[in-house]
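Open the model in your viewer and keep the sequence beside it. We will go from stop to stop, selecting as we go.

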Amino acid sequence: MTSPSNRGAPASTEPRINDRIRVPEVRLVGPNGEQVGIVRIEDALRLAQEADLDLVEVAAQARPPVCKLMDYGKFKYESAQKARESRRNQQLTVIKEQKLRPKIDPHDYQTKKGHVARFLSHGNKVKVTIMFRGREQSRPELGYRLLQKLAEDVAELGFVESNPKQDGRNMIMVLAPHKTTKTRPVKQDQDDAAESVEE
């Protein structure tokens, strides 16, 4: 029977600190980045304790490993803040969908156009689908003209990213917001979700 091996276990991303560093000597870096040199692990731990800091392994692959004196709690907090900030700066692109019929009532068209304009103003892309039924499939130009009209009506908020194209019984066009459109924080309205799938 073979002994269990942890070869398949995921490697820890956390650096080893203080007593977890189990090597005879380390290359020590001071709290301000100054090179102290190669010291015995006992001396490095004593220096960390005297300075009221942690001994953190920053380059485990080096021979001997490189360790730095730092406030590990503060370091972790600042790293988490940076990660959160970079996530906040990422723009989340959401694709909404709006479905229309080729012979749509003018009032319904205005309502749907309002939804598309709102989605674009919130910084979302909009996939506009024209659904053809029965004999309507023999008149694709009706759908094409409707999509062109919609694109012109919301031109100040967005542009045609993907031109109208036939996809089976549907015709699809994708509108994207202009780069200057401010994206709102990612907070999904319940009615947005309902409107994006309503016919």
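**Before you start.** This is a predicted model: local features need pLDDT of at least 70, side-chain atom pairs count only at pLDDT 80 or more, and totals for chains, interfaces and linings use all residues. Residues are numbered from 1 along each chain as its sequence is written, and side-chain values use heavy atoms, with hydrogens and water left out.

**Stop 1: the sheet.** Show the cartoon. Helices (H or I, at least four residues) and strands (E, at least two) are DSSP runs, numbered from the N terminus. Find the open sheet of four strands, in the order 2-1-4-3 with mixed pairing. Two strands pair if DSSP finds at least two bridges between them. Which strands stand at the edges? Select strand 2 (35-40) and strand 3. Each has a single partner strand, so one side of each is left without a neighbour in the sheet. On average, neighbouring strands of this sheet are turned by 35 degrees against each other, direction ignored.

**Stop 2: strands 1 and 2.** Select residues 25-29, which are strand 1. Strand 1 runs antiparallel to strand 2, and five bridges join them. Click V29: its bridge partner in strand 2 is Q35.

**Stop 3: the helix.** Select residues 41-50, helix 1. Helix 1 packs on the sheet and touches strand 1, strand 2, strand 3 and strand 4 (66-70). Touching here is contact, meaning heavy atoms within 4.5 Å. The direction of helix 1 makes about 125 degrees with that of strand 2. Axes are lines fitted to C-alpha atoms, for helices over the stretch in contact, and angles run from 0 to 180 degrees between N-to-C directions.

**Stop 4: E57.** Go to strand 3 (residues 54-59) and pick E57. Is E57 buried or exposed? E57 is buried, with a relative accessible area of 7%. Buried means under 20%, exposed over 50%, partly exposed in between (1.4 Å probe, protein chains only). Leaving aside neighbours within four places in sequence, E57 has contacts including P15, I21 and C67.

**Stop 5: backbone angles.** Most residues other than glycine have a negative phi, and most peptide bonds are trans. Select N18, in the segment before strand 1. Phi of N18 is positive, near 45 degrees. Next, select D52, in the loop between helix 1 and strand 3. D52 is not a glycine, yet its phi is positive, about 60 degrees. D52 is exposed, with a relative accessible area of 68%. Finish at P64, in the loop between strand 3 and strand 4. A cis peptide bond joins R63 and P64, with omega about -10 degrees.
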